Amino acid sequence: MKPRTLWMQSTSCFICSSIPGPTLLKQMEIRRDMSELLSWSKQDGDPFKSTEQGDGGCSTNDFSIVHGKDLLPAENGEELTKHFLQELLNILLAYIRKSMNRSSKVLDFHHPHQLKEGLEGFSLELPEKPDNLEQLLVDCRNTLKYGVKTAHPRFLNQLSSGLDIIGLAGEWLTSTANTNIFTFEVAPVFILMEEVILKKMQSIIGWSEEEGDGIFCPGGTISNLYSILLARYHYFPKVKTEGMQALPRLALFTSTHSHYSIKKSAAVLGIGTDSVIAVNCDERGKMIPAELESSIMAAKAKGLVPFYVNATAGTTVYGAFDPFTDVANICEKWNLWMHIDAAWGGGLLLSKKHKIRLQGIEKASSVTWNPHKMMGAPLQCSTILVRQKGLLEACNKQCAEYLFQSDKPYDMSYDTGDKTIQCGRHVDVFKLWLMWKAKGSEGFESQINHCLENAEYLYYKLKSRQDFQLVFQSKPEHSNVCFWYMPSRVRNMSTGPDRDRELHSITPKIKAKLMEKGTAMIGYQPLGEKPNFFRCVFSNPATLKQDVDFLLDEIASLGSGL
Ligand SMILES: Cc1ncc(COP(=O)(O)O)c(C=O)c1O
């Protein structure tokens with residue numbers, strides 16, 4: 001492929017074609033002002049000008065003859081670096097535009113073996129000799145082409161979806177800064193931003209100024225792991241030095257609808273999955289407090305030592321919220337650590353209308369809250385928030401002297417890296433900080449309200465249609481809506497195991513057809529006794545009611561003959 005083909009996706013065309021005349025003039029004035037601020041433009045003219053138009057003295061628009069080694073820090077590598085990154089930007093912008101265009105596919109599905117065999121010059125194999133920059137740009141384009149457009153308004157498959165442009169800008173800046181957020185020494189600004197955001201989240205939870213600690217970590221699973229680690233250390237501090245021999249046979253409690261990361265963490269921490277006691281839920285997927293209490297008593301009667309309860313704010317499949325005040329009262333009575341896994345539901349705290357669902361969260365000892373889910377921050381962005389100050393550090397610190405020297409010339413409390421179980425840590429805070437600046441808390445609120453409105457719209461649509469059935473009848477509490485598609489022959493069957501068997505096989509067949517067609521993506525699963533059903537989740541503000549209508553019609557058209 002020649003560079004000219006790449007330029008057909010030019011950024012400038014995209015920008016120009018989407019902005020009307022007078023606005024465009026204004027934009028160009030702003031651009032000129034901005035370009036004066038950019039060092040590139042001082043030396044090289046307009047940074048938005050394409051290489052195809054030529055900007056003098058540069059023969060680098062033939063990427064087929066240059067390689068990675070010719071980019072900075074190579075001597076005289078500036079010009080080429082600029083053109084290469086601009087070309088990459090064009091590819092990314094073309095992809096973003098496509099992702100947000102309803103008439104483009106959500107995915108172009110290929111089986112693993114097809115991708116491995118290599119498609120249209122796209123090979124995953126690693127070369128002995130360096131590929132040229134043209135090939136790398138083609139590889140970048142193909143990587144996106146054969147991936148899934150998670151920003152597409154009809155990508156409804158995962159709790160993390162959409163593409164926040166400010167968040168993306170934040171991610172770019174983060175990668176450009178390429179630092180490690182363990183010490184103030186190497187990440188002074190990011191460390192302070194982390195403090196600001198964590199404090200904000202703690203105050204939203206409702207903890208006082210004297211309370212509250214936390215850290216960003218890689219995902220809700222790791223946040224949940226931290227919660228168990230901290231609870232165990234809180235009750236049995238000797239475990240840090242003496243290990244498992246310092247412990248009695250422990251028991252922890254979580255609902256049958258909770259995320260599997262609780263069990264996984266118990267396995268990782270050497271507590272064992274058999275020590276995780278599953279507490280029954282009601283029809284709506286909420287933990288039943290009386291069941292929790294009887295499970296605690298039963299565990300104690302067996303000689304186990306209960307120490308931790310996980311309650312969920314927004315369960316993964318049903319989007320249910322456990323009764324936090326009741327759970328907190330039980331934890332207080334039995335002296336247990338109460339964790340709230342608000343990985344998915346935490347965002348609702350930003351909505352005046354919906355935060356009622358998290359009533360009682362301030363009573364928790366720790367909270368998992370993933371801004372990369374409902375708040376739409378690019379992956380990854382997750383926090384563990386802890387009510388008791390100092391516990392994170394006491395539990396995890398090792399005082400490595402090559403990093404955390406005690407005689408540094410600044411306030412060492414800002415070297416937060418020893419609070420974590422990691423050494424190096426990716427900067428996940430900046431994109432969220434920038435998004436918060438761009439939207440204000442209000443912006444998050446309206447985004448979240450919008451997603452929940454979509455869920456309610458879908459709920460009423462499903463209720464009104466004969467060919468669909470809700471998995472449970474009550475209105476959604478979060479943006480999860482669970483349903484079956486019922487082809488007419490199944491609709492006429494009486495409820496029971498035969499009908500369940502049919503539904504169990506029909507749902508994945510429709511999903512496969514949807515993937516093949518590439519017009520929408522939605523997840524499915526069985527749960528308990530329930531046969532495979534669809535779970536639709538809304539976290540992408542780009543999704544509109546028309547997409548909900550489209551989804552139902554598409555499922556019906558693909559499933560009617562099954
Ligand atoms: C309730 C809940 N907790 C935790 C997690 C795990 O989060 P992550 O995927 O960021 O590890 C999920 C993921 O879906 C979840 O739904």
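The entries below go from the whole chain to its sheets, its cores and a few single residues.

**Entry 1: the chain as a whole**

I noted before anything else that this is a predicted model. I counted secondary structure and found 19 helices and 12 strands in the chain. I then looked up burial: of the 562 residues, 40% count as buried. For contacts with a separation of 6 or more, I found that 72% are between residues 24 or more positions apart.

**Entry 2: the sheet of 7 strands**

I traced an open sheet of 7 strands, and its order reads β2-β8-β7-β6-β5-β3-β4, with mixed pairing. Which strands stand at the edges? I found β2 (213-217) and β4 (276-279) there; each has a single partner strand, so one side of each lacks a neighbour in the sheet. From one strand to the next, I read an average twist of 20 degrees.

I also checked what packs on this sheet. Helix α10 (residues 220-235) does, and it touches β2, β3 (250-255), β5 (305-312), β6, β7 and β8 (382-386). The direction of α10 makes about 20 degrees with that of β8.

Is β5 largely enclosed or left open? I found 7 of its 8 residues buried, so the rest of the structure largely encloses it. Here I used the cut-off that a residue is buried if 20 or more other C-beta atoms lie within 10 Å of its own.

I followed the pairing on either hand. β3 pairs with β5 in the parallel sense over 5 bridges, and phenylalanine 253 has valine 309 in β5 as its bridge partner. β5 and β6 also run parallel, joined by 5 bridges; tyrosine 308 stands opposite tryptophan 337 in β6. I went on to β6 (residues 337-342) and β7 (residues 366-369), which run parallel with 4 bridges between them. There, isoleucine 340 has valine 367 of β7 as its bridge partner.

**Entry 3: the sheet of 5 strands**

I found an open sheet of 5 strands too, in the order β1-β11-β12-β10-β9 and with mixed pairing. At its edges I noted β1 (155-156) and β9 (468-470); each has a single partner strand, so one side of each is without a neighbour in the sheet. Valine 481 has cysteine 536 in β12 as its bridge partner.

Helix α18 (residues 497-517) packs on this sheet and touches β10, β11 (521-527) and β12, its direction making about 35 degrees with that of β12. I noted helix α19 (residues 545-559) as well: it lies across β1, β9, β10 and β11 and runs at about 25 degrees to β10.

**Entry 4: the nonpolar cores**

I looked up the largest nonpolar core and found 117 residues in it, with Val327 and Met338 having the most contacts inside it. Helix α16 (residues 429-464) gives the largest share of this core, 14 residues. Domain 2 (212-387) and domain 3 (437-559) each supply at least three residues to this core. A second, separate core has 5 residues, among them Phe63, Val66, Leu80 and Leu133.

I then listed what valine 327 touches, leaving out residues up to four places away in sequence: Met287, Pro289, Leu292, Val309, Ala311, Asp322 and Met338.

I checked the length of α13 (residues 289-301). At 1.5 Å a residue, its 13 residues should span 18 Å, and the end C-alpha atoms are 18 Å apart, so the two agree. Glycine 303 follows α13 and has a positive phi, near 90 degrees.

In the loop between β4 and α13 I found glutamate 283. Glutamate 283 counts as exposed, because it has 10 C-beta neighbours inside 10 Å. I also noted that its C-alpha atom is separated by 7.4 Å from that of phenylalanine 472, 189 residues away along the chain.

**Entry 5: tyrosine 457**

I placed tyrosine 457 in helix α16. With 16 other C-beta atoms within 10 Å, tyrosine 457 is partly exposed. Beyond its neighbours within four places in sequence, tyrosine 457 is in contact with Lys545 and Val548.

Terms used
Residues numbered from 1 in each chain as written. Predicted model: local features only at pLDDT ≥ 70, side-chain atom pairs only at ≥ 80, totals over all residues. Core = buried A, V, L, I, M, F, W, Y, C linked by C-beta atoms within 7 Å. Buried ≥ 20, exposed ≤ 12 C-beta atoms within 10 Å, placed from the backbone. Helix = DSSP H or I, 4+ residues; strand = E, 2+ residues; numbered from the N terminus. Domains from an automatic or database assignment. Contact = placed C-beta atoms within 7 Å. Pairing = 2+ DSSP bridges. Axes fitted to C-alpha atoms, helices over the stretch in contact; angles between N-to-C directions. Expected span 1.5 Å × (residues − 1).
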